Amino acid sequence: MIAVTGPTGNVGRALVERLVAAGRPVRALTRDPQRARLPAGAEAVRLGLDEPAALFEGATELFLYVQAGGDRTPGLLAAARAAGVRHVVLLSSGIIDSGADETHPIHVMHATAERDVRDSGLAWTFLRPNAFAANAFQWAPQIRTGDTVRGLFADGRSAPVHEDDIAAVAERALLDDGHEGAAHRLTGPESITNAGQVAAIGRALGRELRFDELSPDEAGPELFPHVPPDMLPALLKTLAASVGTPPEITDTVREITGRPARPFAVWAEDHVDDFRG
């Protein structure tokens, strides 16, 4: 049995679908099982942090989304270990060991989770992806209603990674031996600018989209609706640093899964319906 936290998120859902397709028993730990819309074959269980012991009965592996337990992660991991879980795969972040400011809130959150996992006594594997291709969903509301995307740092570069490539690495880390104690850095296969991502989405839609660059002073919550306000200044600083800076590109996805990571254009084609009005 593999327990999966964050099963309704981009990576978690892709992982659940992969494990179910592979015929593996999956327990999806979610705060609202009735609305999770998980694939048939996955056991949806409410993620109750007050009584975590019952969550892991019969499970031997755990996929941990960094925000699933929050400041109660140590207790969640202790309950998992007591129930018989032996190995945890943590979805961490490429900001770790990237040379970034260690006071950056995203660094603090993920470094804390990694420390909690190391201290748990469980065998562990860390997945450290850099930019997610799914970050492009921030432009979806504008693309559904027009052909101009107003955004920041048109020339900011990244190597965005497809969420299913992250899930594919997680699947192998959960099912195969040899990943214990490893920290896998994950990226997409190529560098692309923010304006280039918008253009790629336009090509997938059969439309010509234009990127209208805004000043960082104009950045408000409507541009980053899923970013906590206290994290926005640090995020803007990180995005500004990506202008003119070649991103890290790794071959980890191919090395672990046997096939190369998918470029952003493929991600855009896979998600074309999410950008249609």
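This is a predicted model: local features need pLDDT of at least 70, side-chain atom pairs count only at pLDDT 80 or more; totals for chains, interfaces and linings use all residues.
**Ground rules**

I number residues from 1 along each chain as its sequence is written.

**Aromatic pairs**

I began with the rings of Phe, Tyr and Trp (its six-membered ring), which pair if their centres lie within 6.5 Å; planes under 30 degrees apart count as stacked, over 60 as edge-to-face and the rest as tilted. By this rule I have six aromatic pairs. One of them is F137 with F275, a stacked pair at 5.8 Å centre to centre with 25 degrees between the planes.

Which parts of the chain does this pair tie together? I found F137 in the loop between β6 (123-129) and α4 (140-145) and F275 in the segment after α9 (264-270), so the pair joins parts that are 138 residues apart in sequence. For such elements I use DSSP runs numbered from the N terminus: helices are H or I with at least four residues, strands are E with at least two.

Next I looked up accessibility, where buried means under 20% relative accessible area, exposed over 50% and partly exposed in between (1.4 Å probe, protein chains only). F137 is partly exposed at 24%, whereas F275 is buried at 0%.

Then I turned to W139 and F211: their ring centres are 6.2 Å apart and their planes stand at 85 degrees, so I noted the pair as edge-to-face. W139 sits in the loop between β6 and α4 and F211 in strand β11 (residues 210-214), 72 residues apart, so this is another link between distant parts of the chain. Both are buried, W139 at 6% and F211 at 14%.

I also noted one aromatic cluster made of F137, F264, W267 and F275.

**The second largest pocket**

Helices α1 (10-21) and α5 (163-175) each give two or more residues, and α1 has the largest share with four.

**The largest nonpolar core**

I treat a nonpolar core as buried Ala, Val, Leu, Ile, Met, Phe, Trp, Tyr and Cys residues joined through side-chain atoms within 4.5 Å. The largest has 27 residues, and V4, L15, L19, F63, L127, I166 and L174 touch the most other members. Among the elements giving two or more residues are β1 (2-5), α1 and β2 (26-30), while α5 gives the most, six.

Most residues other than glycine have a negative phi. R37, not a glycine, has a positive phi of about 50 degrees; I found R37 in the loop between β2 and β3 (42-46). F153 also has a positive phi, near 55 degrees, and lies in the loop between β7 and β8 (157-158).

Is each of these residues buried or exposed? R37 is exposed at 69%, and F153 is buried at 10%.

Notes. Side-chain values use heavy atoms; hydrogens and water are left out.
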